[in-house]
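Please open the structure in the viewer and keep the selection panel at hand.

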Amino acid sequence: MVEAVLELKNLSVGYDEPLISNINLEVFPGEVITILGPSGIGKTTLVRTIAGLIRPLSGSFDLNVERRGGLGYIPQRLGLVRHATVAHNVSLGARTRVGFSLNMWKERSQRTMDALRMLGIADKSNEPVRRLSGGQQRRVATARTLAQRPQLMLADEFLGELDHSNVEIVFEAVQNLVDDGTAVIMIEHHDDNAQLFATRIWEIQDGKIADISIKEWKNRKTGGEEE
Amino acid sequence: MKYRLFGIISILLLLAWQTLDGLIEGDWGRLEGGLGNLSVFFSESMWPPNWSVIEARPYPVCESEIEFFCSVGYLGMMETIKIAFVATILGFIGALFFSSLAARNLVPLYVAIPVRILLSAIRSLPSLIWAILFVIVIGFGPLSGVLAMTFYTVGYLGKLQYETFEGMANDSLEASRAMGLPRSSILLNVVIPENSNHLLSQLMFMFEYNVRHGTVIGIVGAGGIGYYISTYLKFLQYEKVFALLILIFVVVVIIDLLSMMVRSFVNDEGDVRRPTWLNVVLSEK
Ligand SMILES: Nc1ncnc2c1ncn2[C@@H]1O[C@H](COP(=O)(O)OP(=O)(O)OP(=O)(O)O)[C@@H](O)[C@H]1O
Ligand SMILES: [Mg+2]
């Protein structure tokens, strides 16, 4: 049996008061989960808890990934080093995965260039990130995770401002990871983006998570339209 | 909103005035007398500046073609600049080490607080006192100056740096932490590049500061232009002192311009290619 990369055990998250409570869920390699829910309900809080940045209020979670580079995280504000070049930012992802060796420089830059090419920003590699457009910056953040090839990828609304063609470029990159067994948890606001990617939807409502398969989700949608 | 700011500034001004009045016990007459003294002193003793300080010294014999390079002003200034240069670089590196251990968003509190106390201890001695200490311990000369300024630079820049670090947006820190980048790597590859603009301007400011203070520590025998200033002061040659002060002012202005140029490489302003004379001179076309 395949082992879960993430197991949430009676987890409650929040700052002072719980925002989402008693979550019991598992995530397996190759799954793509989209978290949906209204603004301010605690989506970012949940993801930051899993990323190890805030403590759970109660309960716990098991993260079955390598300590170094096993977890990829794209924050809502992307977390790029704005004054550094595109290549530098993407190489941070590669850095977590390439250990010390004689040809680590070569390996790092190989990974970096591959990721840049895949996202169509190779020509920007020497530009400081701050000079890029919003959509291009999102692609840089994606490239960083692609160069990292984590086992679990957390992405907080990283499709946000992307137009359709960009969404496809990013989608292809993420698919490339998923094909290798990366599990993805992402927060989205647009239903259509959610349907494009996800294998499961976590819908947050009233402090609880409903775990819905994509099939059921789509049924519900079309059912809604027929009414 | 505007009125509130105006009100606050007025109150502060009034407070300062009251305090000053208390300090001098209402004896404002001395200020008037002082102004008179200053104008007499300036016109009789300092004016005009004696520019012999930028002519060759009588001894040793000048070997350079350009007299200026053998002048007291040039030699003293160069020594001061060199002392400031070395001390600023060494101090900057030392400060980075300590500030990265003092920023609350980079290390736990039980590390940050002792390091902060250490930094403020270093800073609580002005560079002049450090200079006196080192002159006592290792003797007269530029090495004492370098060490004194390095210490002070660590204390001063260290504080500026950790405050800068603490002010940075934490999303890049969070992303790299979640990714599992080690602390040293986060410092070198995320924190320093992200703050490069501030770090550079602080570095240039510190260099300028050290050049200015080089004049003071020279007075206690730690090398540089201050040595000549203190000698001229002793022999009441105020015209020469004034000439040297003007020289320092010019150097400080030049450093400021340099700092502006250096920073334009890393800040957003540098992205906008405005047609300034600098761009015209430096453009490739
Ligand atoms: N650092 C913090 N300290 C205290 N409360 C916080 C903090 N960050 C967020 N909150 C609160 O937690 C709640 C949930 O925030 P969160 O960012 O998780 O929402 P979200 O679901 O991601 O919303 P959005 O879709 O707008 O991004 C909000 O009410 C917010 O005010
Ligand atoms: Mg959010």
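Select Asp180(A) and Arg149(A) to begin: in this predicted model the two residues form a salt bridge, with their closest N and O atoms 3.1 Å apart. Across the interface of domain 1 and domain 2 of chain A, the count is 1 salt bridge, and 4 residue pairs are in polar contact there.

Next, select helix α5 of chain A, residues 164-179. With 8 residues, this helix gives the most to the side of domain 1 of chain A that touches domain 2 of chain A. By class, that side holds 9 nonpolar, 4 polar and 4 charged residues.

Now colour the two domains of chain A separately: domain 1 covers 1-65 + 151-227, and domain 2 covers 84-149. The contact between them involves 17 residues of domain 1 and 11 residues of domain 2. About 1,200 Å² is buried between these domains, with carbon and sulfur atoms giving 60%. Their C-alpha centres lie 25 Å apart.

Then display chain A together with chain B. Here 26 residues of chain A are in contact with 23 residues of chain B, and the two chains bury about 2,000 Å² between them, 52% of it on carbon and sulfur atoms.

The largest share, 5 residues, comes from α2(A). That side of chain A divides into 10 nonpolar, 7 polar and 9 charged residues.

Note on methods: Residues numbered from 1 in each chain as written. Chains lettered and ligands numbered in written order. Predicted model: local features only at pLDDT ≥ 70, side-chain atom pairs only at ≥ 80, totals over all residues. Heavy atoms only, no water. Domains from an automatic or database assignment. Contact = heavy atoms within 4.5 Å. Buried area = accessible area lost by both parts, 1.4 Å probe. Salt bridge = Lys/Arg side-chain N within 4 Å of Asp/Glu carboxyl O. Polar contact = N/O pair within 3.5 Å; in protein donor to acceptor, adjacent residues only side chain to side chain. Helix = DSSP H or I, 4+ residues; strand = E, 2+ residues; numbered from the N terminus. Nonpolar A, V, L, I, M, F, W, Y, C, P; charged D, E, K, R; others polar.
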